[in-house]
Amino acid sequence: LDAKLHRDRQQKHRAELLGFMGGKCVRCGYDDYRALAIDHVNGGGTIDRRKFGGNYFSAVLQLVKSGSKDYQVLCSNCNTIKRHENDEIARKY
């Protein structure tokens, strides 16, 4: 698959996922898609990214659509604050 096509498809799936999940940070309400992230509620997002690889956003979308509560939308600031509050930066997964 050509890199641009893959990148475009990933961005489409990311936008669909963010929209499905409300399109704004659950902590502060920020809604600029450029600074929104899909956060794994209990940490461990790195494991998911490795597991799902290039299909991360579409895989998470399917999980969320089927009722998973393991993911939330956070802005970059709130995501960083959460990682510090929960010591997710130092934790090894």
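Helix α3 is largely enclosed by the rest of the structure, because 7 of its 10 residues are buried; buried denotes under 20% relative accessible area, exposed over 50%, and partly exposed in between (1.4 Å probe, protein chains only). Helices (H or I, at least four residues) and strands (E, at least two) are DSSP runs, numbered from the N terminus. The structure is a predicted model, in which local features need pLDDT of at least 70 and side-chain atom pairs count only at pLDDT 80 or more, while totals for chains, interfaces and linings use all residues. Residues are numbered from 1 along each chain as its sequence is written, and side-chain values use heavy atoms, with hydrogens and water left out.

The buried residues of α3 are Y56, F57, S58, A59, V60, L61 and V64. Their cover includes the helices α1 and α2 (45-52) and the strands β1 and β2, where contact is taken as heavy atoms within 4.5 Å. After α3 comes G67, which has a positive phi near 105 degrees.

In soluble globular proteins, nonpolar side chains tend to be buried together. Beyond its neighbours within four places in sequence, M21 is in contact with I38, V64, Y71, Q72 and V73.

Two further residues were examined individually. Q10 is located in helix α1 and counts as buried, because its relative accessibility is 12%. With residues up to four places away in sequence not counted, Q10 touches G54, N55, Y56 and F57. A37 belongs to strand β1. The contacts of A37, again without residues up to four places away in sequence, are Q72, V73, L74 and N79. A37 and C78 are separated by 41 residues in sequence, and their C-alpha atoms are 9.6 Å apart.

The whole structure contains 7 salt bridges, each defined by a side-chain nitrogen of Lys or Arg within 4 Å of a carboxyl oxygen of Asp or Glu. One of these joins the side chains of K65 and E16, at 3.6 Å from N to O. This pair links distant parts of the chain, with K65 in helix α3 and E16 in helix α1, 49 residues apart. K65 is partly exposed at 43% relative accessibility, and E16 is also partly exposed, at 35%.

A salt bridge also connects D32 and R34, with the closest N and O atoms 2.6 Å apart. D32 is partly exposed, with a relative accessible area of 21%, whereas R34 is exposed at 75%. In the salt bridge between E88 and K82, the closest N and O atoms are 2.8 Å apart. E88 is buried, with a relative accessible area of 10%, and K82 is buried at 3% relative accessibility. D39, K82 and E88 are linked in a network of salt bridges.
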